[in-house]
Amino acid sequence: MSGELRGPKGTYDVLPPASATWLAVREALLGPARRAGYGYVEPPVFEDVELFARGVGASTDIVAKEMFVFTDRGGRSLALRPEGTAGVLRALLQGRLHTGPLPVKTWYAGPMFRAERPQAGRFRQFQQVGVEAVGLDDPALDAEVVALAAQGFAAVGLTGVRLLLTSLGDAACRPAYRERLQGFLAGLDLDEETRRRAAVNPLRVLDDKRPEVQAQLGGAPLPPDHLCDACRAHHDAVRESLADLGVAWSDAPRLVRGLDYYTRTTFELVHDGLGAQSAVGGGGRYDGLAETLGGPPLPGIGWALGVERTLLAAEAEGVAPAADGALDLVVVPIGGAGSAPKRLGVRTADALRRAGLSATVVFGDRGLKGAMKAADRSGARHALVVGERDLAEGVAQLKDLTTGEQRAVPLDDLVTRLTEELRP
Ligand code: AMP
């Protein structure tokens with residue numbers, strides 16, 4: 001076999017220098033949650049396939065059609081995680097965190113895997129950041145969680161993210177609503193597959209994007225109109241609390257999501273600059289999920305935000321999250337292996353890094369012109385040019401790579417001088 005190998009279909013590589021922005025977006029999205037006391041959790045990226053079949057729902061597209069499933073050498077059936085919530089909740093239960101103070105508030109970040117048809121904003125490995133707050137069903141906690149997502153997008157610098165909010169009811173009122181919806185759907189002209197879906201999960205038919213289906217759904221009963229008193233009170237309290245926090249939202253009674261575990265508060269964040277894949281994040285309450293996974297009754301709420309789509313939204317709005325990638329200094333030794341400039345240069349960069357600055361060296365033996373070109377491309381703010389002639393005079397040249405200004409600095413106490421000079 002010959003030919004250059006390429007990454008698998010639907011994947012992409014995060015490469016420097018663009019990766020600095022990618023990291024900055026991830027940091028910005030999570031900043032508000034971290035400042036609200038959410039703690040880091042990192043479950044494995046593969047789990048027993050059963051976790052997702054039970055947790056996310058065997059009939060969902062994600063589980064039925066999109067999971068990467070494999071058998072390990074011990075014959076266990078495993079899946080690359082298609083989403084974060086089921087694994088995080090499994091980990092919290094297994095670690096018995098729910099026996100401590102509640103709510104357990106966590107955040108995570110990492111790759112998710114879905115064998116979807118790749119298109120703009122849709123990948124087979126993509127990066128989500130998320131939070132889960134487990135153990136209480138306080139509507140003020142719902143509002144905090146929702147607000148943290150909105151604030152994450154604001155921290156990226158986005159202004160065009162809209163919040164869509166609804167309530168899907170709970171185990172008390174959902175069954176009666178579901179039956180009512182099924183009764184309505186039975187009277188429509190639907191194809192065989194949609195009828196099957198209506199039998200298994202009628203709520204998902206509400207989300208069917210095809211115009212011939214949407215055209216018939218005008219009079220469909222909608223979840224928020226059929227809530228029990230407890231769910232209605234919860235929903236009202238969430239909205240009141242969101243208003244207190246100054247978070248704007250639109251009521252979206254037709255919003256349902258592609259995962260089965262949602263109860264009560266359910267939301268999505270969309271950006272209009274993205275075309276078909278407009279959802280930049282989503283989440284909701286999942287009060288029955290812990291029991292589904294074999295744990296005790298334990299309410300919870302969380303969200304996941306997509307990093308790639310957030311980057312696309314930032315591009316669409318022309319905002320660039322501040323990427324703190326610039327180096328303080330690039331050392332430019334003019335001389336080959338073993339020369340005095342090279343040895344001093346390498347030692348100086350090392351000493352500066354120990355002193356807490358960021359510094360790199362232009363390696364290789366490329367002459368003044370080539371070395372300065374490399375220094376310009378390094379992204380550093382300053383260059384320290386070390387040549388034989390300067391060394392003989394006891395100095396090196398410090399150049400500001402933004403303004404081009406250059407001056408000699410004495411070699412005695414060089415590291416102390418540079419540290420004072422360059423410390424931001
Ligand atoms: P979900 O877990 O389906 O609720 O998705 C939450 C967020 O993850 C979405 O709003 C997207 O921003 C992102 N996302 C989901 N699927 C993909 C995918 N295949 N490619 C890129 N981003 C995705």
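This report describes selected helices, loops and backbone features of the structure above.

The model is predicted: local features need pLDDT of at least 70, side-chain atom pairs count only at pLDDT 80 or more, and totals for chains, interfaces and linings use all residues. Residues are numbered from 1 along each chain as its sequence is written, and side-chain values use heavy atoms, with hydrogens and water left out. Helices (H or I, at least four residues) and strands (E, at least two) are DSSP runs, numbered from the N terminus.

Helix 14 covers residues 367–377, and Ala-371, Met-372, Ala-374 and Ala-375 in it are buried. Buried means under 20% relative accessible area, exposed over 50%, and partly exposed in between, with a 1.4 Å probe and protein chains only. Seen down the axis of helix 14, the buried residues fall within an arc of 160°, so they line one face of the helix. The arc is that of the directions from the helix axis to the C-beta atoms. On the other side of helix 14, the exposed residues are Lys-369, Lys-373, Asp-376 and Arg-377. The buried residues pack against strand 12 (329–333), strand 14 (382–386) and strand 15 (395–400); contact means heavy atoms within 4.5 Å. Gly-379, which follows helix 14, has a positive phi near 85°.

In helix 12 (residues 307–317), the buried residues include Val-307, Leu-311, Ala-313 and Ala-314. Among the elements that cover the buried residues of helix 12 are helix 1, helix 5 (139–156) and strand 9 (263–271).

**Two helix pairs**

The axes of helix 6 (residues 174–186) and helix 7 (residues 192–200) come within 9 Å and cross at roughly 165°. That makes helix 6 roughly antiparallel to helix 7. Axes are lines fitted to C-alpha atoms, for helices over the stretch in contact, and angles run from 0 to 180 degrees between N-to-C directions. Angles under 35 degrees count as roughly parallel, over 145 as roughly antiparallel, 65 to 115 as roughly perpendicular and the rest as oblique. In this pair, Arg-178, Gln-182, Leu-185 and Ala-186 of helix 6 meet Arg-195, Ala-198, Ala-199 and Val-200 of helix 7.

For helix 13 (residues 340–354) and helix 16 (residues 414–422), the axes come within 10 Å and cross at roughly 50°. That makes helix 13 oblique to helix 16. Here Thr-348, Ala-351 and Leu-352 of helix 13 meet Leu-414, Val-415, Leu-418 and Thr-419 of helix 16.

**Backbone features**

| Peptide bond | Omega |
|---|---|
| Pro-16 to Pro-17 | about 5° |
| Leu-102 to Pro-103 | near 0° |

Pro-17 is in the segment before helix 1, while Pro-103 is in the loop between helix 4 (85–94) and strand 5 (104–113). Arg-96 is also found in the loop between helix 4 and strand 5; Arg-96 is not a glycine, yet its phi is positive, about 55°. Arg-264, again not a glycine, has a positive phi of about 50°. Arg-264 lies in strand 9 and is buried, with a relative accessible area of 9%.

**Lys-9**

Lys-9 is in the segment before helix 1 (18–35). Lys-9 is exposed, with a relative accessible area of 58%. Leaving aside neighbours within four places in sequence, Lys-9 is in contact with Pro-118 and Arg-124.
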